[in-house]
Amino acid sequence: MGCCGVRHEDSAAREGGDAALWVRQDDDGGFELNLIAPAINCAACISTLEKGLKEIPALTFARVNFSLKQVRVKWRDPDFDPAEVIAKMDELGYTARPFDPAESGFSRDDEEARELLRALAVAGFAAGNIMLLSISVWAGAQGSTRDLFHWISALIALPAIAYAGRPFFRSAWRALSRARMNMDVPISLAVLTAAMMSLYETANHQPHAYFDAAVSLLFFLLIGRYLDHRMRARARSAVSQLMTLSATGAMVTGDDGKRRFLPMSALKPGMRVSVAAGERIPVDGVVEEGRSDVDVSLITGESVPEPAGPGHKVYAGAMNLTGPLVIRLTAHGEDTFLSGIIRLMATAEQGKSAYVRLADRLAGYYAPAVHVLAGLTLGGWLWWTDFVWPVSLLHAISVLIITCPCALGLAVPAVQVVASGVLFRNGVLIKDGGALERMAEIGTVIFDKTGTLTLGDMKLVADGPLSADSLALAAGLAAGSSHPLSRALVRAVEERGIEPALVVNVIEHPGRGLSGAWRGRALRLGSREWCGVSERDAPDPGLPQLAFAMEGRPPVLFSFTSELRPDAAETIRRLQRAGLRVEMISGDREAPVRAVARALGIRTWKSGWSPQQKLAYVEGLTKAGGKVLMVGDGINDAPALAAGYASMAPSSASDIGRTAADMIFVGSSLRAVWLAIAVSRRARRLMTQNFAWALVYNVLAVPVAVLGYATPLFAAVAMSASSIIVVANSLRLGLMDGRLRKSFALPSGAPSGAGDNREKKAA
Amino acid sequence: MSVLLYLIPIALFLGLVGLGGFIWALKSGQYEDLDGEALRILDDDDDKPLTD
């Protein structure tokens, strides 16, 4: 089963954790546990997991939810240890982590989706049956037969409208009670007046019954709304899964010396948290025991790991690289680094003016215009017919029905569903529908450097005199280390086809470097101090460096730069060619930032900036009238992400970065940024086209209604035709998908999948 | 035309049966994992062959 069983480096989950904390008791005395397992990705996974779990005798229920990559188990025996489930899943090759569906905000009980589906079913049933009756009427049913058909239609339509129309009525009411307009106001008004007028006509044996139009309008609109909801729910659940996986708790050593995995909410200041090498630090605290190197790129943007030892302050989000650490938790609350960032974000969000969605902006003009038109029609007919109310009202209401924004109501959601589907398939998740519209308007793209334009991996700088034998020796020494610079060195040596030397007695000294021996001579690899390199011997170039020393020889220095994301250069070029200003702001030191800027051809860049400076810069550009897309991943980028007109973050970003961003891209390739902009620009064009179609339809149909020639048949045909045109036009965006994939030919000749594979390995 | 008196109720009844069936399916959770159901149908382990 090649595609499954990928073990994820997630040691907290491997140790089982205290799964009991996530167990929920259901009403009839049973127990339930929800687990999330990201490796569920093929058909065989479902049966492997379910069959494997059924081997645990205590379990009464085990079911995989493939869409959400979750597993739910139930049992009745109160003595059963749920850790057994996690162990069993691990044995089957799936790292699982318990979670609380209520807390993480993506429960499977998506009540809104169910309500929409139920409403959709009711509207569909009613529309189908009423249409059958209406066709008989249009075909020529007369007199009492027609009345009978109208009455049956009324009997079906009225309850169906009352039930299926609720989502629209509620939203219209919410808008009106805040003295605002949205598309649901004219929709609700048209449906309700159509139903009432049809009832009046039916009671008076008249031919103008619009029950079919009212119900099929609801049916069409509900389809759009349900699809829209499903797309958003899927993106939301993907996003919150990323969150659930990143930090659900910490490994705490109690006073009794027992180690337990506690959820975030159970942590208290003063607790001792152990963090293994290769794990992300879950809390703010002070190092109590152990020495290590800590990668703080998510927090400050700095690409060089910094050494950490007892007394050193570490922040949540940093990656512990080389040695295990024990951290004493410092106070939660106001004085943590993160809470400072959150305060900055809150001010950034306040300063941002609320974006009004395209459809709502249009509704602000459209609805009053339509209502004035209906009023004028009423007045005109009253004057023309010498105050014959029924006829005048009939014509006024038929104006309302004909102009009912069926096509307008579909214009945006239809495009949005197709656009977010295209982006979803290409690894871009949209958190908020408005983001697509805002993305299309941006004029400046600002990138963060570390983690956004670059990956975590380092690359050996090729310049300088590096002899093959010192590379071979240094690589032999570095082979066993997990420090990113050591790994980069080994990779570089392998790429050059040099065989690493066989070095013995290798010892890792966390925070300093490595020592070992080769043919009786002592070797050292690590920081400049560790190898005795002083500022006088070689000036600090500002790039991350490893020093290598062999007894009896002068030390050698290796410089590194961050490896760029795949397609970064091509993406930047495309953005610039599309007329966008591309800039880079980073918290890293000047030399690495300059190197990246030069490699990518970015002319405007800033280095060494604090989160406050980044925020101020984005706000300044916005005040000057610029529309900024901020792309960043770190905690230090979060305020700037919140302040940007639109924002994007990679899925490897910090929690807070992902929360702040409008869109998230999965995979390591940076072309997602270009893709998102291209798709949203196209989506916006299609939305405008849809609006234009809807308006053309109105321009043609309204005079007919005003003059009193609108029959129910005319209304039904016109309405369906305009809706179908709008939907078909929106579907054209789907054609873009294949073209997009083909058009991004990679200049370097690298296979496009390479980056994705690396991401999977790292995940 | 008196045929309508029972044809229309029959048509409506059948429609309601369909609607009821859909709502039952929704309530029993058959719409919660649409991608999963698409794959489960390929798994033929649950098909027990007739033994006698």
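**The interface of chain B and chain A**

The contact draws on 22 residues of chain B and 26 residues of chain A. The model is a predicted one. Together, chain B and chain A bury about 2,100 Å², and 66% of this lies on carbon and sulfur atoms.

**Buried area on chain B**

- Of the area that chain B buries against chain A, 27% is supplied by B:Leu26, B:Glu32 and B:Arg40, more than by any other three residues.

**Pairings across the interface**

- Two salt bridges are found across the interface of chain B and chain A.
- A salt bridge links A:Arg63 with B:Glu37, where the closest N and O atoms are 3.3 Å apart.
- Three residue pairs, both members at pLDDT 80 or more, are in polar contact between chain B and chain A.

**The side of chain B that touches chain A**

- At least two residues of this side come from each of α1 (4-27) and α2 (34-40) of chain B.
- With ten residues, α1(B) provides the largest share of the side of chain B that touches chain A.
- By residue class, this side of chain B comprises 13 nonpolar, two polar and seven charged residues.

**Confidence in chain B**

- The average pLDDT of chain B is 79, and 81% of the residues score at least 70.
- In residues 48-52 of chain B the pLDDT is below 50, and this stretch has zero contacts in the model beyond near neighbours in sequence.

Notes: Residues numbered from 1 in each chain as written. Chains lettered and ligands numbered in written order. Predicted model: local features only at pLDDT ≥ 70, side-chain atom pairs only at ≥ 80, totals over all residues. Heavy atoms only, no water. Contact = heavy atoms within 4.5 Å. Buried area = accessible area lost by both parts, 1.4 Å probe. Salt bridge = Lys/Arg side-chain N within 4 Å of Asp/Glu carboxyl O. Polar contact = N/O pair within 3.5 Å; in protein donor to acceptor, adjacent residues only side chain to side chain. Helix = DSSP H or I, 4+ residues; strand = E, 2+ residues; numbered from the N terminus. Nonpolar A, V, L, I, M, F, W, Y, C, P; charged D, E, K, R; others polar. pLDDT = per-residue confidence, 0-100.
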